[in-house]
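Student: I'm new to this one and would like to walk through it slowly. Could you put the sequence and the model up, so that I can ask as I go?

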Amino acid sequence: MPPEKIEIFKNLEGWAEQNILVHLKAVEKCWQPQDFLPDPASDGFHDQVMELRERAKEIPDDYFVVLVGDMITEEALPTYQTLLNNGDGVRDETAASLTSWAKWIRGWTAEENRHGDLLNKYLYLCGRVDMRQIEKTIQYLIGSGMDPRTENSPYLGFIYTSFQERATFISHGNTARHAKEYGDSKLAQICGTIASDEKRHETAYTKIVEKLFEIDPDATVLALADMMRKKITMPAHLMYNGRDDNLFDHFSSVAQRLGVYTAKDYADILEFLVGRWKVEDKTGLSSEGRKAQDYVCGLPQRIRRLALGRAKKPQYVPFSWIFDKEVKL
């Protein structure tokens with residue numbers, strides 16, 4: 001980024017201290033994975049595990065495909081911290097920097113880390129999934145990284161995270177709803193608790209972009225249009241298990257069919273963010289900025305129209321995560 005843009009983020013450090021760090025919770029006030037799981041130090045541990053496994057028996061295989069995919073996405077957290085730390089003007093220069101941006105990145109990472117831990121332990125205990133295949137997929141994914149094409153720009157990066165945090169809020173919220181329908185209120189509580197974290201993080205990231213629209217609307221609307229033209233790539237798009245080159249697409253198709261995360265959700269998120277940031281109301285833009293404004297404001301409807309025409313033939317694919325059982329896409 002040009003020096004004058006980097007200076008914007010340096011000047012926003014005081015604002016971030018007051019307005020963004022408040023969205024982190026003190027560790028002593030945070031939930032921890034153990035709060036939702038059988039207590040291994042308890043004499044009743046075995047009975048608690050058997051109860052968990054009994055509840056899990058009633059849940060269909062396709063739900064577990066989506067839950068595993070969500071967990072694997074959360075477990076690739078080292079990649080996401082690295083991505084944020086690449087942003088010009090906001091990166092954590094020393095891995096222990098005391099700037100507001102660095103404290104946010106580390107604090108956000110620490111809170112997010114609990115999500116994968118909780119889902120991983122639940123899946124390990126439930127007995128419905130092949131943990132070794134799942135662990136291989138996590139290792140492949142962290143090794144592969146991700147390419148959301150944010151180009152070290154915090155404008156692009158914070159737009160991307162605003163979108164993604166809302167997407168994960170929706171996805172975990174829907175897995176909670178399904179778990180409740182299948183009669184597992186404990187799993188519903190787990191997924192719902194993770195969703196509430198994602199919602200809080202979404203609030204922080206959307207506040208950052210809102211501030212950027214306030215102080216630098218032209219660059220911000222151009223960045224939003226750029227990010228949407230590239231399409232928001234899901235964090236786990238390079239997912240691989242050693243066999244299936246289209247594993248992420250297959251997982252996404254199951255999530256779409258179950259209504260956990262859909263093309264409609266993608267359009268709804270963009271529409272929500274455009275409204276939240278009042279993009280349509282921005283004035284004083286350059287000619288390129290006005291074109292970008294028109295593009296992003298009209299995009300949700302275009303996405304919905306495209307999604308309506310996507311009928312697919314029924315297809316069944318084996319998933320290594322559930323012992324190679326076939327699941328309808």
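Student: Which helix is Glu 74 in?

Tutor: Glu 74 sits in helix H4, which covers residues 61-75; please keep in mind throughout that this is a predicted model.

Student: And is Glu 74 buried or exposed?

Tutor: Glu 74 counts as buried, because its relative accessibility is 7% and the cut-off for buried is under 20%.

Student: Which residues does Glu 74 touch, leaving out those up to four places away in sequence?

Tutor: With those left out, Glu 74 touches Glu 112, His 115, Gly 116, His 172, Ile 194 and Glu 198.

Student: Glu 112 is in that list, so where does Glu 112 lie?

Tutor: Glu 112 belongs to helix H6, residues 100-126, and it counts as buried at 4% relative accessibility. Setting aside neighbours within four places in sequence, Glu 112 is in contact with Glu 74, Leu 77, Glu 165, Glu 198 and His 201.

Student: What does UniProt list as "binding site"?

Tutor: The UniProt entry, which is unreviewed, lists Glu 74, Glu 112, His 115 and Glu 198 under that heading. These residues are spread over 125 residues of sequence, yet they cluster in space, with a largest C-alpha distance of 11.2 Å. From this set, Glu 74, Glu 112 and Glu 198 are part of the lining of the largest cavity.

Student: Okay, cavities then. How many of 30 Å³ or more turn up in the whole structure?

Tutor: A search of the whole structure finds two cavities of that size, and the largest cavity holds about 180 Å³ of space.

Student: What lines the largest cavity?

Tutor: Its lining is made up of 16 residues, and those that lie nearest the centre are Tyr 80, Trp 108, Gln 164, Glu 165 and Pro 235. The elements giving two or more residues to this lining are H4, helix H5 (77-85), H6 and helix H8 (154-181), and H8 gives the most, with five residues. By class, the lining of the largest cavity divides into eight nonpolar, four polar and four charged residues.

Student: And how much space lies in the second largest cavity?

Tutor: The second largest cavity has about 80 Å³ of space, and its lining includes Leu 83, Leu 84, Val 90, Pro 154 and Phe 158. Both H5 and H8 supply at least two residues of that lining, and the largest share, three residues, comes from H8.

Student: How many charged residues are in the lining of the second largest cavity?

Tutor: That lining has no charged residues, while it has five nonpolar and six polar ones.

Student: Switching to pockets: what lines the second largest pocket?

Tutor: Among the residues that line the second largest pocket are Leu 24, Lys 25, Cys 30, Glu 111 and Arg 114, and about 150 Å³ of space lies in this pocket. Its lining divides into four nonpolar, two polar and three charged residues.

Student: You mentioned a cysteine there, so how many disulfides are found in the whole structure?

Tutor: The search of the whole structure finds zero disulfides. Cys 30 is in none, and the nearest cysteine sulfur, belonging to Cys 191, is 18 Å away.

Student: Last one: is Cys 30 buried or exposed?

Tutor: Cys 30 is buried, because its relative accessible area is 14%, whereas Cys 297, with a relative accessible area of 26%, is partly exposed.

Definitions and conventions:
Residues numbered from 1 in each chain as written. Predicted model: local features only at pLDDT ≥ 70, side-chain atom pairs only at ≥ 80, totals over all residues. Heavy atoms only, no water. UniProt positions renumbered as here; feature names shortened; annotations may be inferred. 1 Å grid on protein atoms, 1.4 Å probe; cavity = no way out; pocket = protein on both sides within 12 Å on 5 of 7 lines; lining within 4 Å. Helix = DSSP H or I, 4+ residues; strand = E, 2+ residues; numbered from the N terminus. Buried < 20%, exposed > 50% of the residue type's maximum accessible area, 1.4 Å probe, protein only. Contact = heavy atoms within 4.5 Å. Points joined across faces, edges and corners; volume = space filled by probe spheres on them. Nonpolar A, V, L, I, M, F, W, Y, C, P; charged D, E, K, R; others polar. Disulfide = S-S within 2.5 Å.
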